Every structure is written in structure tokens, then in C-alpha cells.
Amino acid sequence: MTARPGMHTLTEGRGLLFGGDYNPEQWPEEVWAEDARLMRAAGVNLVTVGVFSWARLEPEPGVYDFGWLDRVLDLMADNEIAVDLATPTASPPPWLGHRWPETLPVDEAGHRLWYGSRNQFCPSSSVYRQRALEIVTALADRYAGHPAPALWHVGNEYGQVCHCDESAAAFRTWLRDRYGDLGTLNDAWGTTFWSQHYGDWAEILPPRRAPYIINPGQRLDWWRFCSDALLDHFRAERDVLRERTPGTPVTTNFMGLFKPIDGWAWAAEEDVVSNDWYPEPGSPLAPALTALTHDVMRGLAGGRPWLLMEQATNGVNWRPHNLPKPPGQFRLESLQALARGADGLCYFQWRASRFGAERFHAAMVPHAGAETRLHAEVRAHGQELRGLGSVAGAPVPAKVAMVFDWASWWALEERGRPSDRLNATEQLLDYYVPLWERGVSVDVVPPSADLSAYALVVVPNLFLVGDRDAAALTAYVRGGGVLVVGPFSGVVDPRAHVRTGRFPAPLREVLGASGEEWLPAPLDRPVRCRWSGGDGFDAHTWTELLAAEGAEVVAEFTEGDLAGRPAVTRHRSGEGVAWYVGTMPAPAALSELTGRALADAGVEGALPGLPPGVEAVRRGDVLFLLNHGTATVRVPLPHEADDLLTGSLATDHVTLTPRAVAALRPHPGRPHPGRPHPGAS
């Protein structure tokens, strides 16, 4: 079987990719030549073209105008700038909704959403599918063999949901394929509750607006269906492109940990994993959340390089209050993505729009033009990336894995649970932060992943777990692994039915502990706990009534009805160790717990003694140090290293000013004691 093209196809002969969304249709043609000149000066080698150009390419049904796009692609090819050519199907032209209003999406209350914005399509609409595939086919036929397109960009930021009658019919078809017969569906959805038994397939609807809580089994299947319906459309466009341009890789852009689409299912269908990510300036959690998001993308890519498709050079326009980025911030964020496995660093967008909804979104060329501080930073960053080309393709080795599952996320956050304060992605970040602070690299993996290569596996929350995945976690521990499981895990099966008996039922034996009650805690005061034989600590929000069944009680509750009962347990099972955390420890306590689990696993960070705010991550043989803090810091080094960004030699330490980055490769020559490092700012 011939291997599919991927990121290596794009970086071969180009090195690291640098560029952004390019919307020449918004500008007079005399601006295009200037754009090309500025792109070359900035080191741009990849631009995304055509994302929102359907109305320009097909001004009326079946009438195409490709002339302008011909000239754009020719211009890019003449300037040796590769094109990520988009299928424009994320934003249908007004004529589609006007002539075929059934293509427009309907919300859960039955209201039709109209054109005048973007994303106004029903994923299950047969008319939308037909018209979309026609424009995709026309694009592929016209530009197959053109030297500019190096990547296909299908749609944009998928996540549309529709509750119309055509979606209802598609949902019923999906359910027939999943369950086969109504009896099996009724059993899976538990329809004896609240008199919800279905006697005819035609009775089944999407979870539309209802008087009270909707059946959680129905809701879980609706999440699954909506992700699959969008994925089916993505595949349809992708297959047209692959048939006509088999050597060109295909992608679509994710949006981080985005709830509506199952990232594991989608990534398996792409040639290149790409992501749009916009950290919130001023948020103290932004550096760690960004690192986590990048690790998720690398996980979706199976450990291979991925593409940061969109980021911002400065403030965005869609938050209520859009803080700007200080000088050096976008460079820091870009290099953070590179350190965590990205081989392409692109932006939205090349030139700031004069009109439309994103007039005030930052760009690589701002409204004030090219002779600006911001564009000078863009040019400098593009040029410095040329010196980092040797990093392309290098892996980010990790001995720690974190398990995350979209179906469990969907099931956990349905209405009608003990507390809505236990959030899947917040739990993931809480457990990630103390690893990030220590410079411990993490692979994010699905529950079905092979865990044998990892010394430590962290499961912040796995509310929904199947028997096979639970057995794999148990086998991992017995084979010598260290497992940490967070609260409210192992609660339901894949149908969202609660597993009866003491919890977490499928993991009870390996954990050596179990519980009988979930007990959300008052929110106006901390939950007091104490390490066994040690200091007290605070937890919050959540507690569980637990009993040790062979496990060591590592921490206990000290107040109220749970005083003296286990809060954290540790159990040796086979050759490994399994921890269970029956509360939500405060950051300092969770950091202490993480340190103990790392010691069990024999895992150390990329660099000991990191100052607060400094991120350390190894990619290949390069150690990246990134200062997210506000103070200049001195970071000790174990050996001499060459800084690929400054061209200088670091001896026993590196000095990082705020927002500075060092990219350190071990120095091949003899040591030079006393030779100073001039800094990495």
C-alpha cells in the first residue's frame, strides 16, 4: 500500500512552514504584487487561499469564475510560495440559502439560521452536499498539476449542528446502523424511564428543545452522530481531492479541545493534523493550556509533526475585551508550538481586512502597513525560522501519557449529574499543569492506546469507560506501569448507563479502593485533607466516600462526615502502582501528588530546578526553554549547548528575559568553562 503524503511532503525542500491565511479577493489586484514581495521578504513559504471564496468562485449556480484565482496561484508559484488551497464550503454563498432554504441549519428550538454570517449549512443536507462536491470537483479538476497547491484545506473549523427534519432522518439512519433494531436502541437509551419507549423509527427525533432534561443516552448518541455527520462530509470532499490529486495531502483545521467533533476519529482521516489556536493574552493559565493543546495535536497526529494553521500576531476581535500582545509575545507562542511538534507556524491572516466581521483582528500586515513594529517582528521571526530547519520532523519524546476521550467528555457534562463543577477539560488541565511546570513532556492519548511505552499514565477523568479499555488500564499497571486516576471515573459504560456496585467498578480491583457515594462539597469553603503522617492541604468542590481495599491511604479528609476517610489512595498491583484521587486537590497539593507519582515511575523533567514561568521541552536533540514570566531568570544547564536562535554558546547557564526563548543543542566541541552566554532575549 502506497504511503499517504503528510507533513514531510510539505517540509521537504521548504524547511519549517511559515505564513498565514491570504484573502486576495478582498483587495485590488495591484496590492497582490506588493503582498508577494512582502511575503518573500518575511520568509513566507505557505499561504492558505480561498477559505471563504465560494461566492466569488461561483457567483451563481453552475457559473464559475476562476480567473482571479488562476492569477493568484500563478503569482504564488512565481514567488516560490506554496499554497494551502481551501475548498470554500464552510461558507456557502447567499444564492444557496435563498434558492434552497432547506440547506440552512435549524437550531434545537426549531429556528432556521440564515445567511449573512458564515457556516450556514446543514451537514446532512443532500442539496448542500451536492453543491459542495460540485465546487470541490471543479477546483480539483482545474488545479490538478498546478505548481502552487501543496496542501488541500477542506472546509474550515468544522462544528456545525442542525436539528432539521433532514438531520432527523439522517440521525435515524445512523441509529439503525448502530443498533440494528428498536429493541436494542430502547435498551441502550433506557426508554422505560419517563415513558420514552419508541415503537417506530419515525418517532425518533434529534434532541430538540424540551420541557426538561433530555435522555442522556439519546444526547450521547446525538453528539456521536453530529461528529460523524460532519466527518462523513469531510470524507466526501477529501475523496474527490485524493482521486484527482493523489500526491497532495489533505487537512482541515481543528480548534484545540473542541467539544463537537471527536478528534481521535477525525485525525485518523487526515493526512496532516492542523489546528487554530488563540491563547488569551493576560491569562495566567494560557501558557500551560497552550502547551496542553499542542500536545493534544501531536497526539492526534500519532506523535508526528503537525501544523499550526492559525494563530494571531496581536489582539483578536471576538472576545468581549481583546487585550493586545506585548512585543515578542507572538514569537514566544509560535516557538512554543515548534517546541511541541509543529512543523508549520501560520497566522490569521496575512493582511488585515478593511471590512467585514474581522476588521479588527490582528494580521501579519496590520492596517498601518508594512513599515510597523509588528510587521518588523513578523519579518524577523520568519527569517529566524530558516535557522531552525533542522528541527523539522524531530519527535517530542515522552514517558508520560494523559488519557482523554471525547465520548467520556460528552457523557460527563450532560445535565442531571451530581455537580456541573467537575469539567473534563478543566480536570485535564489541572493534572497537566504540575507536569508542565516540571518540564515533563506528555503525550495525550485515547483510552484505546497502547500504553506499554509509558512509565506513567494519568487519567484526570474517565467518566465513561468500556470494559476493554478498563482491562487495558489494569493490565498496564500489572505489567509495571504507574497509573493515576482522578475522581468520578469509571462511572458509566459506553451507553451512559451507571455501573452498579461500588465505584469505579471496572477499575476497583487494580485501584485497591472503592467508593459508595459521590459527595459534592460546599463551594464557600475548602475541603480540608491531610497527607498520611504529614501536612494538611486544601481540596475543593468534590469528595467521595471511599474505602481502602488493600490500598495504602496516602491522604485523608480531616473534617465533617468524611473525617478520617481516604481522600487519596495508592495500591501496588502486580509490578505497578495505581493511585486514586477522590477529590479535587488545590494546585499545591496536586503538584505534591504528581511529584510522588513521578517518583514511583522514575520520571524526571527535561531540566531540574526550573524557575517559575519557564517552560522546558525537548524536541529531538534540542532543548527549548521559554520564559512566560515577567522577570529575567537564570536557568542552570548540565552541559554546554549552542543556542540555535542566537548563534551563541551557553556554558553553565542561560539567561532569559521575559518572553525570551532559547533553543539549545548540545555543543559537540570541548567545554569552554567561563565562556559567558550573552542571553537569549
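Is Glu-58 buried or exposed? Glu-58 is buried, with a relative accessible area of 0%. Before I go further: this is a predicted model, and every value I quote is computed from it.

I'll stay with Glu-58 for a moment. Its salt-bridge partner is Arg-131, and the closest N and O atoms are 3.3 Å apart. Arg-131 is in helix α6, residues 126-143, while Glu-58 is in the loop between α3 (54-57) and α4 (67-78). That makes it a link between distant parts of the chain, 73 residues apart. Arg-131 has a relative accessibility of 11% and counts as buried too, because the cut-off is under 20%.

Arg-142 in α6 and Asp-70 in helix α4 are 72 residues apart, and their side chains meet in a salt bridge at 2.6 Å, N to O. Arg-142 is partly exposed, at 44% relative accessibility.

For contrast, take a pair of chain neighbours. Glu-243 and Arg-244 form a salt bridge with the closest N and O atoms 3.4 Å apart. Glu-243 is exposed at 61%, and Arg-244 is partly exposed at 28%. The count of salt bridges comes to 44. Some join into networks, one of them linking Asp-295, Arg-298, Arg-340, Asp-443 and Glu-615.

Next, the aromatics. A pair of rings is described by the distance of the centres and the angle of the planes. The count here is 32 aromatic pairs. Phe-193 and Trp-194 are one of them: 4.8 Å centre to centre, with 35 degrees between the planes, and the pair is tilted. Trp-194 is partly exposed, with a relative accessible area of 47%. Trp-194 sits in the loop between α8 (182-189) and α9, and its phi is positive, near 55 degrees, although the residue is not a glycine.

The pair of Trp-223 and Trp-410 has centres 5.8 Å apart and planes at 10 degrees, so this pair is stacked. Trp-223 belongs to helix α9 (residues 216-244) and Trp-410 to helix α14 (residues 406-412), 187 residues apart. Both tryptophans are buried, Trp-223 at 17% and Trp-410 at 2%. There is also a cluster linked by ring pairs, made of Phe-171, Trp-174, Trp-189, Tyr-198, Trp-222 and Phe-225.

Two arginines sit over tryptophan rings. The charged end of Arg-354 is 4.4 Å from the ring centre of Trp-27. Arg-596 lies over the face of Trp-531, at 4.4 Å from the ring centre.

Now the strands. Strand β12, residues 456-459, pairs in parallel with strand β10 (residues 400-403) over 3 bridges, and Ala-401 stands opposite Val-457. β12 also runs parallel to strand β13, residues 482-485, with 4 bridges joining them. There, Val-482 is the bridge partner of Leu-456. β12, helix α16 (residues 467-478) and β13 make up a right-handed β-α-β unit.

Which way do the side chains of β12 point? Leu-456 and Val-458 point one way, Val-457 and Val-459 the other, and all are buried. In a regular strand, side chains alternate between the two faces of the sheet.

Further along there is an open sheet of 5 strands, in the order β21-β22-β27-β24-β25, with antiparallel pairing. Its edge strands are β21 (614-619) and β25 (649-650), each of which pairs on one side only. Inside that sheet, 4 bridges join β22 (residues 622-627) to β27 (residues 661-666). Leu-623 stands opposite Leu-664 in β27.

Last, some backbone details to look at on the screen. The peptide bond joining Phe-348 and Gln-349 is cis, with omega about -10 degrees, and Gln-349 is in the loop between β9 (342-347) and α13 (373-386). A cis bond also runs from Phe-503 to Pro-504, with omega near -15 degrees. Pro-504 lies in the loop between β13 and α17 (508-511).

Glu-157 is in the loop between β4 (149-153) and α7 (165-179), and at 11% relative accessibility Glu-157 counts as buried.

Technical notes. Residues numbered from 1 in each chain as written. Predicted model: local features only at pLDDT ≥ 70, side-chain atom pairs only at ≥ 80, totals over all residues. Heavy atoms only, no water. Pairing = 2+ DSSP bridges. Helix = DSSP H or I, 4+ residues; strand = E, 2+ residues; numbered from the N terminus. Phe/Tyr/Trp six-rings, centres within 6.5 Å; stacked < 30°, edge-to-face > 60°. Buried < 20%, exposed > 50% of the residue type's maximum accessible area, 1.4 Å probe, protein only. Lys NZ or Arg CZ within 6 Å of the ring centre and 35° of its normal. Right-handed = clockwise from strand over helix to strand, strands pointing away. Salt bridge = Lys/Arg side-chain N within 4 Å of Asp/Glu carboxyl O.
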